[in-house]
Amino acid sequence: MKRAIFGLLVFLLWITQVSAADRVRIGYSSISGAYTPIWVAHDAGYFAKEGLQDDIILIPSGTQLAQVTVAGEIEIGSLNGSSAIAAALQGADLKIIGNSGNKMVFSLYVRPEIKSVEALKGKKIGITRFGSAPDISVRYALRKYNINPDKDLTLIQLGFMATVAAGLQGGSIEGGVVSPPTQFAVDKAGFKELISITDMDFAFPNPALVAVGPIIRSKPDVINRFIRAYVRGIHRARTDREFTYKSMAKYTKIQDQSVLQKAYDFYMSKVLEKAPYINMTGVQNVLDDLVKTVPAAKNARPEQFVDMRFLDTLEKSGLLKELYP
């Protein structure tokens, strides 16, 4: 009887804790290693340890993810900064609260017979979606080589990075814009890196962490706890290779250990910082790019689109010193 009562009390306590947890829906817009901290933080239970009942949801379009975040269907979105800032310029109460990455991390891979950038003329290049980070980054890179992406070749939106890889392998496109770990799977399949956009160091919030004004004002503690769990996710990713391999394999569906190892080394050495810092030069680059399609971007200032209070709170909390003594 005593055991039964004790068991019931434990169960009731557990139910109380679960019901008391704050729900946080976290959307991310692509199957890319850039989202590793979210995957690891979820799989390691760091959100739950912060009292958050987290759901992580793939919405494979930055524009769509910005829309559902603004609509209140997602508490925190992780998406390319261009989609977020474009929504804000059009009146959405949306702020960048951190960046998972501060530069474009993509490569243009092509079929082996294409030997030069000039040879891309007339070819079909696969991207995920128009207005996505792969689209913005390849247009930026091609212009550096005096290639007009709207006249000299055809950009085709294929939805997912895995579909871009499949298009290359199936021959429906001659080139494709990919990021790790898909990039290394494509490389292993015999395709050639023609342009490393990563090495061009194009500063850009990619992806950005965003939240709407009502959430920022009414639930700042939820966002602070999210940031803490996220930073713990970064630390776990940087210090626990095997655990991170499992998370990357789970969400990318890539099981090849050599591909996962290359993707891990790439993101840990070239992309992920110890905290989701915001590079304001990248925010300005977004505005410069958006001027072509959103006139309001011309007179906008980068500071309008960011809220630094959560990063400031993180710095003052001592968590970074605890994780990186």
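In what order do the five strands of the open sheet stand, and how do they pair? The order is E7-E6-E8-E5-E9, and the pairing is mixed, where two strands count as paired if DSSP finds at least two bridges between them. Helices (H or I, at least four residues) and strands (E, at least two) are DSSP runs numbered from the N terminus. This is a predicted model, in which local features need pLDDT of at least 70 and side-chain atom pairs count only at pLDDT 80 or more, while totals for chains, interfaces and linings use all residues. Residues are numbered from 1 along each chain as its sequence is written, and side-chain values use heavy atoms, with hydrogens and water left out.

**The open sheet**

- E7 and E9 stand at the edges with a single partner strand each, so one side of each has no neighbour in the sheet.
- From one strand to the next the twist averages 30°, angles being taken from 0 to 180 degrees between the N-to-C directions of axes, which are lines fitted to C-alpha atoms, for helices over the stretch in contact.
- Strand E5 (residues 107–110) pairs with E9 in the antiparallel sense over four bridges, and Tyr109 stands opposite Glu193 in E9.
- Helix H7 (residues 161–170) packs on the sheet, where it touches E5, strand E6 (124–127) and E8, and its direction makes about 155° with that of E8; contact here means heavy atoms within 4.5 Å.

**Enclosed elements**

- Five of the six residues of strand E4 (residues 94–99) are buried, so this strand is largely enclosed by the rest of the structure; buried means under 20% relative accessible area, exposed over 50%, and partly exposed in between, for a 1.4 Å probe and protein chains only.
- E4 is joined by five bridges to strand E10 (residues 208–212), the two running antiparallel, and Val210 in E10 is the bridge partner of Ile96.
- Helix H2 (residues 36–43) has six of its eight residues buried, so it too is largely enclosed by the rest of the structure.
- The buried residues of H2 are Thr36, Pro37, Ile38, Trp39, Val40 and Ala41, and they pack against several elements, including strand E1 (22–28), helix H10 (220–239) and helix H11 (241–252).

**The nonpolar core**

- The largest nonpolar core has 113 residues, and those with the most contacts inside it are Ile85, Leu89, Leu108, Leu120 and Phe226; such a core is a set of buried Ala, Val, Leu, Ile, Met, Phe, Trp, Tyr and Cys residues joined through side-chain atoms within 4.5 Å.
- H10 gives the most to this core, with nine residues.
- Leaving aside residues up to four places away in sequence, Leu108 touches a set of residues that includes Leu120, Ile125, Val138, Val177 and Leu194.

**Backbone exceptions**

- Most residues other than glycine have a negative phi, and most peptide bonds are trans.
- The peptide bond from Pro180 to Pro181 is cis, with omega near 5°, and Pro181 lies in the loop between strand E8 (175–178) and helix H8 (182–188).
- Asn206 and Pro207 are also joined by a cis peptide bond, with omega about -5°, and Pro207 lies in the loop between strand E9 (192–196) and E10.
- Asp201, in the loop between E9 and E10, is not a glycine but has a positive phi near 50°, and its relative accessible area of 51% makes it exposed.
- Asn146, in the loop between helix H6 (133–144) and strand E7 (154–157), has a positive phi of about 60° although it is not a glycine, and it counts as exposed at 69% relative accessibility.
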